[in-house]
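User: Please take a close look at one helix and its surroundings. I would like one connected account.

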Amino acid sequence: MTENTKLIQGRTGPWELVLGLEVHAQVASNAKLFSGAAVGFGAGPNAQVSLVDAAMPGMLPVINRRCVEQAVRTGLGLKAQINLKSTFDRKNYFYPDLPQGYQISQFKEPIVGEGEVLVELDDGETITVRIERLHLEQDAGKSLHDQDPDSTYVDLNRSGTALMEIVSRPDMRSAPEAAAYVKKLRTILVYLGTCDGDMEKGNLRADVNVSVCRPGAYEKFRATGDFSHLGTRCEIKNVNSYRFIQQAIEYEARRQIEILEDGGKIDQETRLFDPGKGETRSMRSKEEAHDYRYFPDPDLLPLVLDEAWVKAIEDSLPELPDPKKARLQSQYGLSAYDAGVLVGDQARADFFEAAAKGRDAKLVANWVTNDLAARLTAASLDIEDSPISAGEIADLVKLIEDGVISSKIAKDVFERMWAGGGAPAEIVEKQGLMQVSDTGELEAIIDGLIAGNPAQAESVKEKPQAIGWFVGQVMKATGGKANPGTVNQLLKAKLGL
Amino acid sequence: MSDLTKLTLKSALEGLETKAFSAVELTQVHIEAVESAKALNAYVLETPDKALAMAQASDARRARGQAGALDGAPLGIKDLFCTEGVRSTACSKILGNFQPTYESSVTANLWRDGAVMLGKLNMDEFAMGSSNETSAFGPVINPWRASGETTALTPGGSSGGSAAAVAAQLCLGATATDTGGSIRQPAALTGTVGIKPTYGRCSRWGVVAFASSLDQAGPIARTVEDAALLLTSMAGHDARDSTSLDVAVPDFASFVGKSVKGMRVGIPKEYRVEGMPAEIEQLWEQGVAWLKEAGCEIVEVSLPHTKYALPAYYIVAPAEASSNLARYDGMRYGLRVDGANLTETYEQTRAAGFGEEVKRRILIGTYVLSAGYYDAYYLKAQKVRRRIADDFDQAFEKVDALLTPTAPSAAFPLGENADDPVAMYLNDIFTVTVNLAGLPGMSVPAGVDAKGLPLGLQLIGRALDEGSLFSLGGVIEQAAGFTARPDRWW
């Protein structure tokens, strides 16, 4: 057994964290789940509201086929069970941004059942997070409390928008694991095209269930499935960034441990994370919890899917991050790390593959994940908007491969490319950056150096690593353009090594 | 010209076709009849200008040779149907002066076929009631009176306005809705014909929801044939209602007058309830005799779960209603009574906006869906519902239709059951089973009781077999020779 580095030391001994997440992902769709109203960001208040969304008398929901397809696609991407029959239920509660007085959701029979997500952690370890279910539901509208001192305004644009709620098993054991899970889930959704993954706009957000227990308890839970081995959980609602997820978990864990160590009890409750203060606070207790009076929505018939339709969706799935990573490793000989970095963003992986065609793939991967990535990040640009094209990176790498320029010079060429200097070959030509491989020219320089520095030449014979000084001098003399391989070869011969 | 109100829909359409009178003339006499019948309180909103405009347009269409199936026929519309630009309230205070920006699919179908709207008809609030006494606009008075008496009687409910208006010749036909008997019971109590079609025949889009899995629109008319003409226009698939059936609509009128020879008609023994008036028992026997004479084979059948239907109905319907009526929260339309905070605003709005019966059902529905009670009530009621449907399935293996009384009594005085909701709910005892099973049911006037008040018989058919009901109903109608009309006292 490896050492458990996830232990949290308390006053009375070590504790462990148990985390389960409910991720709400807005379905990428042009229209809402049960109405024809448009979905979009930035429209004026209540500009995207149909009679159904506003719950006018006598209005009825009709399921949007596209949203169902997206949920199925997501289920397939999570290697999950697709339920050919699912049902919609009403979750009843009153709030001004919920016009119907109920949310249509899937309570008893969700469209997607059990699946799993492989999550790579920073230390190279991979964990499996089991998915319990995925169901479709309507989003509520938005209450705006800051428009007027005495009134709350309601914007129903979001009302009725389709969400996928993806419920994990309590399989995460640390804040970084939870964040890595959401990151991986987001990557999969974006690959599938079923959610844009925009967390800033709230299109992907997580409810985090946090509990703590003593070492050993979790293993008992996993062996038996009996939740009583675990601590009482609190649910932190609507956390919408990786950083906040980690902060909220860390704060909540400390809070719970302190209470337990003081001899207190954890109340099962819903809590809110305040990013400003970095703390969670109680929203409502179990006693105050709503009785949602779930029951099957009589306006909607059971959703029955055709097996062939599901199969057709399955056949149209794109290559997903895990298989893509494995392929990049085997096809291009990349390290797991480089392949992982590349597949983290579908466009980056595509860029890499476009540039790597016929080139030294490892070299291309280095340029894409290091220099180019750093530049893009600094400029807040997506790789799709990169001023340097995949073909230009390929050309740059080809110049290195052909010995036209050294890696060092290539950095200079890259900077000029970024600045809009044009194609790499042109830059090299114009700036005279061609590597000097002409042995005659180099021999002359080396002869001069040996003649002018006899003591150094002598000492190299005793200490071969001192050859580096000569290399440096040749480079200096050629403005860095000397081919290092040729220089080494010539030096060794001339110095008699 | 006032004779025109006495016409059946069928004969009025013939008169329009032969240019014996115009749609404007026909409409005008109905407008006058409505105006002079305020004592009945059948209409909650009269739309004479709209009616005349529609009638003029109808005459123009007919002149161009483009008349539709119902062109020029003045109809009354139950206030549960949303009508574009015309106040639609479900006879509840909570909707205030709500004017929809949209037209219900059923009424749109009628206007497509050229019908003319006279106004909106009174009803029990949100269709919850069996006597029309829960309406925010006050009760409808049945145009029928017991012979020699002046006691105000109920027209039944919830479609009391529709039934009274048709019986009192304040329209040629009316739209109605039926969740537990709201078309058939008022039809029986007013000597009119009413049919609740198979669940899914008529679109629910634009009809204010009471209990979504039970609600179904249908017509009330003065003859079986008129009801068939109206239903043919009202029915049809609608993609905007997920429970709408994508099936062709037959010409229902073609079934009226068809021979019923060899048809097997079942008599469910469980419908012989204790305390049923002898006159209703006798009428039922009479109905059996008429159908036999027409060549039907009469078969005794059993629907063993019938006794659980009423309790199951009064769980399922309020459960759905409690959720359906949550949208009336004072936030977007209708009544709003501001309170000190959100909760108070909700409470005060709903306290002021809903009547007692609606509140009672919201409370019952909320209770039966709440944690800890769901399984014992709602889930069990759904199981009963399945059993009731199974009962019918088994019966329909042996018979083509069923014959029962429509209601356990003739029209009763207003106020009689006002303090006893259970006694009121018993009015639905013969009708709720049909809604629970989603089947078509029709009430046909078959005679009068000793006091001269009309009584109805109910025909129940297989899903989508309204045709047989129109054929059988036509036979009963003809055999009964029911031509009695209420004496005009209003």
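Analyst: A nonpolar core here is a set of buried Ala, Val, Leu, Ile, Met, Phe, Trp, Tyr and Cys residues joined through C-beta atoms within 7 Å. The model is predicted. Its largest nonpolar core has 230 residues. A:Ala178, A:Val208 and B:Leu75 have the most contacts inside that core. Helix H2 of chain A, residues 175–192, gives the largest share, eleven residues. A second, separate core holds 34 residues, including A:Leu334, A:Ala349, A:Ile388 and A:Leu396.

H9(A) has 18 residues. From first C-alpha to last it reaches 24 Å, close to the 26 Å expected at 1.5 Å a residue. H9(A) is kinked by about 40°, and the kink is centred on A:Leu372. A:Leu372 is also one of the buried residues of H9(A). Just after H9(A), A:Ser380 takes a positive phi of about 50°.

Last, the contact between the chains. Chain A gives 25 residues and chain B gives 32. On the chain A side, 17 are nonpolar, four polar and four charged.

Key:
Residues are numbered from 1 along each chain as its sequence is written. Chains are lettered from A and ligands numbered from 1 in the order in which they are written. This is a predicted model: local features need pLDDT of at least 70, side-chain atom pairs count only at pLDDT 80 or more; totals for chains, interfaces and linings use all residues. Two residues are in contact if their C-beta atoms, placed from the backbone, lie within 7 Å. Ala, Val, Leu, Ile, Met, Phe, Trp, Tyr, Cys and Pro count as nonpolar, Asp, Glu, Lys and Arg as charged, and the others, Gly among them, as polar. A residue is buried if 20 or more other C-beta atoms lie within 10 Å of its own, exposed if 12 or fewer, and partly exposed in between; C-beta atoms are placed from the backbone. Helices (H or I, at least four residues) and strands (E, at least two) are DSSP runs, numbered from the N terminus. The expected span of a helix is 1.5 Å times one less than its number of residues. The bend at a residue is the angle between axes fitted to the seven residues ending there and the seven starting there.
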